[in-house]
Amino acid sequence: MSTRILSATAEQSKSQFGPILTSALIGAVLIFAAGFASPDALHAATHDTRHATGVPCH
């Protein structure tokens, strides 16, 4: 019975590894892209996002 529990726990941790790795990869790409983007491009992206969500920026 304890081997079934350990096996189920191992399977559950394996199934959670994919989404965690995917999220970390997406986060790293976003940070890397923002780090090398020009200030004008970042301002434009922020400006457009604020208008799209209805937040005033001026």
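**Notebook: helix α2 and its end**

I checked helix α2 first: its 15 residues (39–53) should span 21 Å at 1.5 Å a residue, and the end C-alpha atoms are 21 Å apart, so the two agree. The expected span is 1.5 Å times one less than the number of residues. Helices here are DSSP runs of H or I with at least four residues, and strands are E runs of at least two, numbered from the N terminus.

I noted that this is a predicted model, where local features need pLDDT of at least 70, side-chain atom pairs count only at pLDDT 80 or more, and totals for chains, interfaces and linings use all residues. Residues are numbered from 1 along each chain as its sequence is written, and side-chain values use heavy atoms, without hydrogens and water.

I then looked up threonine 53, which sits in α2. Threonine 53 counts as exposed because its relative accessibility is 57% (exposed is over 50%, buried under 20%, partly exposed in between, with a 1.4 Å probe and protein chains only). Its side chain reaches the backbone oxygen of arginine 50 at 3.2 Å.

After α2 I found glycine 54, with a positive phi near 85 degrees.

Notes:
Polar contact = N/O pair within 3.5 Å; in protein donor to acceptor, adjacent residues only side chain to side chain.
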